[in-house]
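Here are a few exercises to work through with the model open in your viewer. Try each task before you read its solution.

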Amino acid sequence: YAAGMRVSELVNLTIDSIHFDTGFINILGKGNKERMVPLPKNILDLLRMYLDVVIEKLIPKNANPAAVRYVFPTVYKKEVKPVSRQLLWILLNKIIKKTGITKKISPHSLRHSLATHLLKNGANIRSLQLLLGHEQLTTVQIYTHLENKQVREIYDKKHPRV
């Protein structure tokens with residue numbers, strides 16, 4: 001949610017793409033296009049703790065620790081690989097079930113929620129385009145399903161003749 005990443009981007013995220021010093025991550029998106037996305041400090045802190053404490057517990061002792069380059073690794077036939085999109089989906093559903101949320105949530109709906117929340121809080125559509133890695137501005141417009149009341153408030157506040 002915090003980075004607005006696609007599932008394929010998340011599962012292939014590498015440890016060296018996280019820049020704790022600047023607070024940005026490099027995301028390799030569709031068509032091998034790279035973009036830099038800021039992360040909130042609390043998310044960076046959680047990532048640091050996860051990388052320092054948790055990740056080593058996910059890899060068996062006989063696996064080569066130098067091979068661990070993915071943020072979310074798994075081991076298949078003694079080789080460290082990124083977790084699959086399907087496994088990520090299963091894990092997300094388990095987490096959602098534990099929270100008691102009954103609404104159907106997908107990884108893409110989290111991306112959609114971020115876009116909606118950013119727009120509602122004043123982000124411009126061009127910034128959103130860069131953040132989400134959309135090539136066309138028109139693609140980002142699907143996230144602009146603002147309620148009529150909100151559109152009216154913005155119109156009334158910004159229109160020069162009102």
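**Exercise 1. Describe the lining of the largest pocket by residue class.**

Keep in mind that this is a predicted model. Start with the classes: 29 of the lining residues are nonpolar, two are polar and four are charged. Then ask where the lining comes from: α1 (7–11), α2 (41–58), β4 (73–76), α3 (85–99) and α4 (107–120) each supply two or more residues. Finish with the top contributor, α3, which provides eight residues.

**Exercise 2. Sketch the fold of the whole chain.**

Count the elements to begin with: there are seven helices and five strands. Now put them in order from the N terminus, and you get α-β-β-β-α-β-β-α-α-α-α-α. For the overall extent, the C-alpha trace spans about 70 × 35 × 30 Å along its principal axes. As for burial, 31% of the 162 residues count as buried. Last, look at contacts between residues at least 6 apart in sequence: 45% of them join residues at least 24 apart.

**Exercise 3. Find the buried residues of helix α5, and work out how they are arranged around its axis.**

Helix α5 covers residues 125–132, and its buried members are L128, Q129, L131 and L132. These residues take up an arc of only 165° around the axis, so they lie on the same side of α5. What do the buried residues of α5 pack against? Their partners are β3 (34–38), α4 and α6 (137–140).

Now check both ends of the helix. At the start of α5, a side-chain oxygen of N124 comes to within 3.1 Å of the backbone nitrogen of R126. After α5 comes G133, with a positive phi near 75°.

**Exercise 4. Decide whether Q129 is buried or exposed, and list what surrounds it.**

Locate Q129 in helix α5. Its relative accessible area is 7%, and the cut-off for buried is under 20%, so Q129 is buried. Next, follow the side chain of Q129: it reaches the backbone oxygen of E135 at 3.0 Å. Finally, set aside the neighbours within four places in sequence, and Q129 is in contact with H134, E135, Q136, L137 and V140.

**Exercise 5. Explain what makes the backbone of N32 stand out.**

First find N32 in the loop between β2 (24–28) and β3. Then read off its phi, which is positive at about 55° even though N32 is not a glycine. How exposed is N32? With a relative accessible area of 62%, N32 is exposed.

Methods. Residues are numbered from 1 along each chain as its sequence is written. This is a predicted model: local features need pLDDT of at least 70, side-chain atom pairs count only at pLDDT 80 or more; totals for chains, interfaces and linings use all residues. Side-chain values use heavy atoms; hydrogens and water are left out. Helices (H or I, at least four residues) and strands (E, at least two) are DSSP runs, numbered from the N terminus. Ala, Val, Leu, Ile, Met, Phe, Trp, Tyr, Cys and Pro count as nonpolar, Asp, Glu, Lys and Arg as charged, and the others, Gly among them, as polar. Buried means under 20% relative accessible area, exposed over 50%, partly exposed in between (1.4 Å probe, protein chains only). The arc is that of the directions from the helix axis to the C-beta atoms. Contact means heavy atoms within 4.5 Å. A polar contact is a pair of N or O atoms within 3.5 Å; within protein, one must be able to donate a hydrogen and the other to accept it, and residues adjacent in sequence count only if both atoms are side-chain atoms.
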